[in-house]
Amino acid sequence: QVQLVESGGGLVQAGGSLRLSCVASRHTFSGYAMGWFRQAPGKEREFVAGISWNGGATFYADSVKGRFSVSRDNAKNTVYLQMNDLKPEDTAVYYCASGRDDYCSGYGCPGNLMDYWGKGTLVTVSE
């Protein structure tokens, strides 16, 4: 059974907005920090945003700070990524992942330490 499922990707014009959702099973969500990552064609996977278990701390890559916002609804086992003022450079497959609550910090969430991953959702931003 799939443990994390992303949705909300699609095609949007530059300057537009999208909200991504990631629904997780309780055993991959409860007590975990959640992170968002992305991988563009020909590029390595990079950290985008993260949020602590209780939602009290959020973390962002410099490239998305001020434009993206991560949140979570623990009653629904769901994490969100609100993406505003999208740019063509944001085009990528976006993945959510869960990991130990102490893995994420002001330096981001290390992808190699995250425990569970979704299959990704494609975001394409046109000019």
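How many helices and strands does the secondary structure of the protein chain come to? It comes to 1 helix and 11 strands, where helices (H or I, at least four residues) and strands (E, at least two) are DSSP runs, numbered from the N terminus. Along the sequence, the pattern reads β-β-β-α-β-β-β-β-β-β-β-β.

A word on the source. This is a predicted model, in which local features need pLDDT of at least 70 and side-chain atom pairs count only at pLDDT 80 or more, while totals for chains, interfaces and linings use all residues. Residues are numbered from 1 along each chain as its sequence is written, and side-chain values use heavy atoms, with hydrogens and water left out.

Next, burial. Buried residues, meaning those under 20% relative accessible area with a 1.4 Å probe and protein chains only, make up 45% of the 127 residues. Look at strand β5, residues 46–51: 5 of its 6 residues are buried, so β5 is largely enclosed by the rest of the structure.

Now the neighbours of β5. Strands pair if DSSP finds at least two bridges between them. Strand β4, residues 32–39, pairs with β5 in the antiparallel sense over 5 bridges, and Gly-35 has Gly-50 in β5 as its bridge partner. The hairpin of these two strands has 6 residues between them, and Gly-42 there takes a positive phi near 75°.

Strand β6, residues 58–60, is joined to β5 by 3 bridges, and these strands run antiparallel. Here Ile-51 is partnered with Thr-58 in β6. The hairpin of β5 and β6 has 6 residues between the strands, and Gly-55 takes a positive phi near 75°.

How values were computed: Buried means under 20% relative accessible area, exposed over 50%, partly exposed in between (1.4 Å probe, protein chains only).
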